[in-house]
Amino acid sequence: MKKLLCIILVMCMVTSLFVCNITALAEGEQDAINVRINGVSQSYDVMPIIKDGRTLVPMRGIFEAIGAEINWDDATKTVIGTKGDTKVTLQIGNTKANVGDKEVTLDVPAEIIDGRTMVPVRFISESLGCNVDWAANSKTVLIDCYNDLKQAGMDNLINTYHRPVPTEFEKSNDLNDIYHYPRLTNEENEKRYNEAKTKGKVVATNEEFLSTLSLKGGEHGTLDIVDVEGQSFDKAARVKCEIVPESSAAYILRTGVTPELEDGGGIEKRETIMIRFYVRTLSGGDENGNGKIQFQVEKPVTYGKDVFDFVTVPKEWTPVYFIYRAAENATSIGVRCGFYTQEIEIGGFEIVNFGKDYDTEELPATAPDMPDLEKDAQWRKDANANIEKIRKGDFKVVVKDKNGNPVEGANVNFDMFEHEFKFGTCLSTTMINKNQSIYAPMVSRDFNAMVSEGTHKWKYYELESYSDEKGKWADQLLQACLDYGIKYYRGHILMMNAKTIIPDDVLELVEKGDKEASDKRVKDHIYHMINKYKDIFDVWEVANENSTTGDTYWRKQWGDQVMKDWYDWAGEVKYDGLQIMLNDWVADDRYIKLLDYFKETGINYDSIGMQSHVDSTGEVTTRQPSDWKAFYDRLDRDYGKNLTVTEYSCGLADHRHQSNYTRDFMINAFATDSMNAFYVWSFWDGSTKYPESLMYNRDRSPKLTAFTFEDLVYNKWWTRDAKATTGADGSATIRGYYGDYDVKVTHNGVEKNIMCAFHKGFDNVLEVTIDETADNSTTLLVNYVPKTRKVNTEYTDYGFTPPKKEEKPATPTEVVADASLPEGGEVIVSSDEFLKGTLTGSVISDKGMLTVDVDTLGKNDAIAMLTVKKPLKDLIKPGDVCMLTFKARLVSGTGYVKAQVQATKASSYKKALFDKTSYGSEWVTCYMPFTGIDDMSNVAIRFGGDIHKTELKDIQLINYKDKVTIDKLPSTIVK
């Protein structure tokens, strides 16, 4: 009776609960409504509809799916549903229904549509003891009918969602039947090169390369241009290293040629570049007489690398090919030659630019000679043997009848639907805008774990979560992943020693030396983040990238002790099931030094994270899988923590080598007992800042590595449709991969279905009772503990409420006297505010003036820039007449500035002003009038269009509103 009363109370509350969740659906979207029951997608001949704000579903389909019996009384047009001792009765067209012997009222009666009885989903489901929820992102009704079936020796089942994982494969599930792509021969490469060359633009020739060469570090050796015979080129550079420098950066051969399509035009992101040259060693080198160089393509100001790879230089002329997707503005090319005392030659140099997003599959490629990647490498056979040992277990099902007697001859089917191991990816906000419908199903297909690229970083989180303009991106992204059935979540990141992700008010506290206030702010932040995502996140990175000598902000101010404070505070709010992680990008003695400090200081943590970016660091050409194994073994031996590959990327345009390397990297990680997760950092081109991702092109077509990844995870490392028959003791056993399973037991025409978790470290003995006289149709969920599907969007105040992003309009100031400007304007951005703006490139603010010194050109004039971000939409309305004005003079070179006043990202960065103005060597006032538009966000001045040195002062943004017309204002705009 008590249970029945609870059901009736639920019925009374249901209308107000459900209408809020689903009425947001547009009328035209009703056919997109989905239903999932116990994680399994349902398909009906008449799909759910929305009527009067209520979701109606076909009654027979939903009753049968949750194990209830349904009957129809045609005389009274009454539907009767029965599950256990609960009976539900509804009459077509009647708002009155009965649950047991109690009458309840429905806002929407049952009705017949296209021959099917349609009933309110929440009423039906909850009256039969099920939980109903709504996933707005995927427009899905979620129904969980779980029970209190507890069994000792079995782990908790926390997710019943069945992702649409791959099921068809080209390869067998034999661990040694791998995708393997042999290295291309020189003849194959040359053929590919000549065919591809005609489809791009040759932007640099051997003659241009040689004529622009220079040598940095001449004290270490010499450079000569020499004649060549018997090759397709007739001249080459001969570089001799006589004194090996301490740093390879001290001895570099530089050239003036660039990969640009047009001289000075810069490089755009995703341009496909092919570089070919020949090398040989004349003398010196290693013990085999082979030389060594490192080829680099980098940004001239920040030195960010597009290419930074080693090349072994043999004694005979050998071609080298570099194929890559450009990041942006990497135009400087160099060759590091100081690794041995050696004499080498470089010739036949050419660069071909194919423009954006050219298909690289048919291009040549010089894959490094890596014995570990060979098809029959012994280390891989050993690793596969270890995978069989550590990633699989014996799973037993014991079948009994209702009297507890063993049942012999029962058929048992084991079908895995989720891994215990975490195969994850990072996601950015691109996944929750217009791309969600495209990429969310791809994420759900390939991954069971997720980490946000940036939305949980401190500064970004506070700005995005508490700004009406941007919305709560972090929570929206997380909710989208919850709706699509992602099981595991990692928090990235609580603390990072980089100014760019520290809130401005915290920076001020650190700079003032106010440790007490800074500590309070940090502690509040850690408490809030861990508690907010409690029971959703299973890992939180507390600190990231602390082993290098970069911007260790707090530690420079107060010492390494602050790290212990961070981990102690995280430990104070740590909940069951949460791992605290230390994460870093290096995998060498620098990380070991940090780990030793943690050990000596007694800092408590659970997991060691290794980012594992092996694309632009040279590691992909030097570090073989056996080297990674040695590092993993060292971590196991000395620290005894869980290991995670947190940010794996291998951004190679050579997809053959990318696939081979990723295959063996994954095998090595999966064969390491302490490894519990593998995260891909960029799985499709455009998902992160990396131009070359791991698995999918921008058009969603799969790369070779996608087939390799899916073959390993869902074919070789997956247990599918394993069968066994019970013996005289009623037991049936298989050996399978640890994970979550559907188990089906059949005997004498009776079938019973169970979902359970066969996980490592448990007995994994599942007991099943078949009662041939009872209803066995309900799917049993063993030790089911459903996790929260909804993100808590509330902010818990632990002593600090983060500031709103909105700023109050600046107090109007008088316009600087200028006979050319009319009266009646208000200064909305003062010169002081401009001078405190964000400076990019070679722009310096000092003594009330900006000094700009541009000595290198980039992709566009934004390489040197001043930006002031403030809520201009509160200060400038559409149609307002405005003026940007400043004084400028040219100190040297030929320069101009381009001003921009633009809208927010939500308004596609629409420009109210995006024009140039010029000036001379004497101080001159520049006038740039414009008219306001909707949703304006920032004002900026670009300087990077020419090589020049410029000074600016008295910068003001003035709003005249409707007091003047724009044609009455002076203008120095150059169209």
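**Before you start**

The model is predicted, so local features need pLDDT of at least 70 and side-chain atom pairs count only at pLDDT 80 or more, while totals for chains, interfaces and linings use all residues. Residues are numbered from 1 along each chain as its sequence is written, and side-chain values use heavy atoms, leaving out hydrogens and water.

**Stop 1: helix 4**

Select residues 186-197, which form helix 4. Helices (H or I, at least four residues) and strands (E, at least two) are DSSP runs, numbered from the N terminus. The expected span of a helix is 1.5 Å times one less than its number of residues. For the 12 residues of helix 4 that gives 16 Å, and its end C-alpha atoms are 16 Å apart, which agrees.

Which residues of helix 4 are buried? Colour Asn-189, Arg-192, Tyr-193 and Ala-196 to see them. They cover an arc of only 105° around the axis, which puts them on the same side of helix 4. The arc is that of the directions from the helix axis to the C-beta atoms. Buried means under 20% relative accessible area, exposed over 50%, and partly exposed in between (1.4 Å probe, protein chains only).

An α-helix has 3.6 residues a turn, so residues three or four places apart point the same way.

Now turn to the other side of helix 4, where Glu-187 and Lys-191 are exposed. Next, show what the buried residues of helix 4 pack against: strand 19 (271-284), strand 22 (318-325), strand 24 (342-356) and helix 17 (655-670).

**Stop 2: strand 31**

Move on to residues 539-544, strand 31. Here 6 of the 6 residues are buried, so strand 31 is largely enclosed by the rest of the structure.

Where are its partners? Two strands pair if DSSP finds at least two bridges between them.

- Strand 29 (residues 488-491) pairs with strand 31 in the parallel sense over 2 bridges; look for Gly-491 opposite Trp-540.
- Strand 30 (residues 495-496) runs parallel to strand 31, joined by 2 bridges; here Met-495 stands opposite Ala-543.
- Strand 32 (residues 579-584) is a parallel partner of strand 31 over 5 bridges; Asn-583 is the bridge partner of Asn-544.

**Stop 3: Glu-541**

Stay in strand 31 and pick Glu-541. Glu-541 is buried, with a relative accessible area of 0%. Beyond its neighbours within four places in sequence, Glu-541 has contacts (heavy atoms within 4.5 Å) that include Arg-490, His-492 and Met-581. Finally, select Ile-608: it lies 67 residues from Glu-541 in sequence and 9.4 Å away in space, C-alpha to C-alpha.
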